[in-house]
Amino acid sequence: MNLVFLGPPGAGKGTIAALAKERLSLLHVSTGDLFRSNIKEKTELGKKVEQILASGNLVPDEVTIEMVRERLKKDDAENGYILDGFPRTIAQADALKEMAKLDAVVNFVLSKEEILKRLSGRRVCKSTGRTYHIIFNPPKVEGKDDETGEDLIQRDDDKEDAILNRLDVYEKSTAPLIDYYRAAGLLVDIDASKTPEKVLEEMIAKLG
């Protein structure tokens, strides 16, 4: 089964993909992870991607398409996968049509108020990468990492201005994909406001 996950930042696509990967034995291909591995290895692409993501904008289509094409050629993609973060534009969707046959496109629906609450409350430990949330998953001591005791930080792209910019970019570039895939008869809408486990169960039920 080949799936695409659509939805605004903060809708929980990555969380649900991680659960679905185990439950459905599918490969989880996250463009965010592909970008991060390039950033970590300090490739030229990684440096470029880092600057773009920090401002809340999207990586150029041709760069993303090439990265995904190479990833889907690997053996572990043969038994099915979840694409998380791709496609983000109509051009990417057209390119994907040439390289893969999709079974469904899952659209996670969440209000702007809920997105702001989820993302602006996120806090991260710089050295361990451990993530907290001031409402949903607070640390034992406010503002401190549970293990190291270090100060937690709020990432630049989790600040309200950057979130609103990301949502604006999403609306302009990615939301048209909802109409694109609905017209193709592939779209499945899922309410993303529930717990990850409930969202997963609803998705599996709707996918049959």
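1. Two strands are taken to pair if DSSP finds at least two bridges between them. By that criterion, strand E5 (residues 122–125) pairs with E6 in the antiparallel sense, over three bridges. The structure discussed in this note is a predicted model.

2. The connection between these two strands is a hairpin: five residues lie between E5 and E6. In the turn, Gly129 has a positive phi of about 80°. Within the pairing, Arg123 stands opposite Tyr132 in E6.

3. E5 is also joined to E7, by two bridges, and these strands run antiparallel. Here Cys125 stands opposite Leu152 in E7.

4. Taken together, the three strands form an open sheet in the order E6-E5-E7, with antiparallel pairing. E6 and E7 are the edge strands, each of which pairs on one side only.

5. The loop between strand E6 (131–133) and strand E7 (152–153) deserves a separate remark, as Phe136 is placed there. The relative accessible area of Phe136 is 47%.

6. Turning to the protein as a whole, the secondary structure consists of nine helices and eight strands. The radius of gyration is 17 Å, close to the 17 Å that the globule rule gives for 208 residues, so the protein is as compact as a globular protein of that length. Along its principal axes, the C-alpha trace spans about 50 × 40 × 35 Å.

7. Burial and contacts may be reported alongside these dimensions. Of the 208 residues in the protein, 44% are buried. When contacts between residues at least 6 apart in sequence are considered, 68% of them join residues at least 24 apart.

8. Finally, the accessible surface of the protein amounts to about 11,400 Å². Carbon and sulfur atoms account for 50% of that surface.

Key:
Residues numbered from 1 in each chain as written. Predicted model: local features only at pLDDT ≥ 70, side-chain atom pairs only at ≥ 80, totals over all residues. Heavy atoms only, no water. Helix = DSSP H or I, 4+ residues; strand = E, 2+ residues; numbered from the N terminus. Buried < 20%, exposed > 50% of the residue type's maximum accessible area, 1.4 Å probe, protein only. Rg over C-alpha atoms; globule rule 2.2 N^0.38 Å. Contact = heavy atoms within 4.5 Å. Areas by Shrake-Rupley, 256 points an atom, 1.4 Å probe, with all protein chains shown as cover.
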